[in-house]
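Have the sequence and the 3D view ready.

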Amino acid sequence: MTELDEGAGTVSAPSRVPGALTRREEWLRRRRRRSTTVALVSTVLTFGVLFVVVTNSSGWPKVKEIFFNAERFKEDFPELLGYLWVDVKLFLQCAPLIVVWGMVIALCRNTRNPVLFPLRVFAAVYTDFFRGVPVILTIYLVGFGIPKLGLLEGEFHFLWFGGSWTSPYLWGPIALVLAYSAYVAEVFRAGIESVHESQRAGARSLGLSQRQTLRHVVLPQAVRRVIPPLMNDFLSLQKDVALLSILGIIEVFRRASSIKDLTGNFTPIVAAAVIFLALTIPETRLVDWYTARQRKRTGGSVIA
Amino acid sequence: MTTKLSIRDVQKSFGRKHERKVVLDHVSLDVGEHQVVCLIGASGSGKSTLLRCINLLEPIDDGEILLDGVDISEPGLDADPIRRRIGMVFQSYNLFPHMSVLHNITLGPTKVLRRNRAEAEAAAMELLGRFSLADKAAAFPDQLSGGQQQRVAIVRALAMKPELMLLDEVTAALDPVLVGEVLNVIRDMRTEGMTMVLATHEMGFAREISDLVCFLKDGVILESAPPEQLFTAPQRPETREFLERVIASGRL
């Protein structure tokens with residue numbers, strides 16, 4: 001309070017040292033520093049107290065033993081890390097196919113040509129079905145069901161992929177592509193519909209055909225607009241790759257749960273959670289970075 | 001003088017049977033080559049709809065729209081080659097925000113007229129230079145002022161070398177300081193002999209630039225006359241009333 005009292009009496013002289021702060025700026029700076037200190041102290045205190053209370057509670061040793069066992073973590077974490085590539089690879093195989101197939105479905109739903117009306121119906125039924133059915137059910141149906149048909153024998157070779165026609169590494173990703181492209185198609189469709197009619201009018205008035213308008217004017221804007229929500233879907237895809245473990249694919253979660261079954265300790269599951277977080281948190285930051293860059297590039301300040 | 005555009009008995013209404021709203025009611029109008037025609041009237045009088053119908057962005061219910069004596073409103077006709085010959089500029093610019101100014105202008109020439117990129121860019125730069133926008137070629141629309149955006153939109157339409165320009169209240173979204181620069185561009189186009197149909201609220205400008213002024217009310221052209229006659233001795237009481245209201249609001 002003494003600082004304020006000092007300032008209140010004196011009317012500041014107009015003569016200012018260049019670079020010096022005005023009375024108001026100084027006050028603002030003081031206040032900003034004070035709130036930073038308060039926030040810091042309050043945060044340290046809160047979490048400190050929480051830590052002390054939790055670690056001193058009667059149940060803590062048991063919790064620590066089952067979930068946060070340091071020795072188990074040290075042993076299991078590197079091993080699980082070795083399976084991380086399996087999850088990443090499955091994700092990387094699915095993601096591009098989902099984008100392409102999702103876009104195809106979205107475009108089917110947007111066709112206005114009467115000949116293509118069946119395509120519209122197909123796209124609507126497709127999205128309704130795969131969005132309405134639990135992903136795990138789709139994985140079960142496709143992953144176990146289709147190989148059971150026994151229609152395809154032997155091996156398949158496609159680019160650098162290959163393996164048995166009944167492999168879960170084939171049908172698992174296909175199931176994920178089927179399920180996720182339904183979500184992605186809806187996101188694309190929302191993006192296409194969000195582009196204002198005046199943009200179409202602008203393009204058509206130049207003589208661009210409907211197809212050219214879609215290709216050069218509508219889609220580029222739609223895709224840019226839906227990248228953040230799309231990244232959200234891909235974040236859950238990265239996590240849902242773990243669902244493929246029900247087909248017998250050995251990846252991080254599957255391996256963690258077998259270690260848990262052997263030892264009766266949940267620390268490897270926690271370690272698996274840490275691994276998934278290490279994957280997904282940077283992905284969210286990537287979305288933020290992209291959105292910020294996009295805003296900077298097309299809006300606001302003038303480039304000379 | 002040869003007739004460039006001829007609108008004959010055009011009718012247009014929106015909505016379904018029960019709440020049908022007639023927006024153009026037996027509209028007829030002839031625009032000669034190199035002529036400038038201004039459409040004036042209150043909002044909702046049908047000016048914009050008429051322009052959108054000429055550019056085939058809206059189908060008409062009945063009547064004919066002739067360009068060089070050929071009916072372009074014939075149902076089933078491919079609209080794209082016709083739109084190529086007609087430039088249109090909108091009130092809200094309708095520039096493509098994801099493309100640079102240069103790309104906005106070259107999109108039509110490269111994709112529709114199939115000109116090669118270098119050639120189209122050179123032509124675009126020349127047009128931009130003429131409208132003192134050359135330094136904005138690399139900028140994106142959102143980085144420009146409203147007046148600059150509208151001038152870019154005009155350049156984009158001109159890059160297609162249209163035979164007829166339709167300008168739909170192109171200064172309505174601009175603040176008074178920026179209106180001038182856009183009007184100058186339109187004056188330049190007139191000097192070069194462009195045939196134009198404008199919907200406008202700028203009465204002073206309409207009076208200065210047009211060969212013919214049409215006053216629309218409720219989808220009907222109530223009066224059309226050369227500007228000196230329409231603005232000084234309007235025949236219809238509705239025209240008089242409209243002009244009095246405009247004068248009262250200080251816009252003439």
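Which residue in β9(B) does Cys38(B) stand opposite? The answer comes under the first heading. Keep in mind that this is a predicted model.

## Strands of chain B

Cys38(B) stands opposite Val213(B) in β9(B). Strand β3 of chain B covers residues 36-40, and strand β9 of chain B covers residues 212-217. The two run parallel, joined by four bridges.

β9(B) also pairs with strand β10 of chain B, residues 220-225. Here the strands run antiparallel, and five bridges join them. Val213(B) has a bridge partner in β10(B) as well: Ala225(B).

## The hairpin

β9(B) and β10(B) form a hairpin with two residues between the strands.

## Two helices of chain A

Now turn to chain A. Helix α5 of chain A spans residues 84-110, and helix α6 of chain A spans residues 117-132. Their axes come within 7 Å. They cross at roughly 125°, so α5(A) and α6(A) are oblique to each other. The crossing of α5(A) and α6(A) is left-handed.

Which residues of α5(A) meet α6(A)? They are Ile105(A), Cys108(A) and Arg109(A). On the α6(A) side are Leu119(A), Arg120(A), Phe122(A), Ala123(A), Ala124(A), Tyr126(A) and Thr127(A). By class, this contact has seven nonpolar residues, one polar and two charged.

Terms used
Residues numbered from 1 in each chain as written. Chains lettered and ligands numbered in written order. Predicted model: local features only at pLDDT ≥ 70, side-chain atom pairs only at ≥ 80, totals over all residues. Axes fitted to C-alpha atoms, helices over the stretch in contact; angles between N-to-C directions. Parallel < 35°, antiparallel > 145°, perpendicular 65-115°, else oblique. Left-handed = near helix turned anticlockwise from the far one by under 90°. Contact = placed C-beta atoms within 7 Å. Nonpolar A, V, L, I, M, F, W, Y, C, P; charged D, E, K, R; others polar. Pairing = 2+ DSSP bridges.
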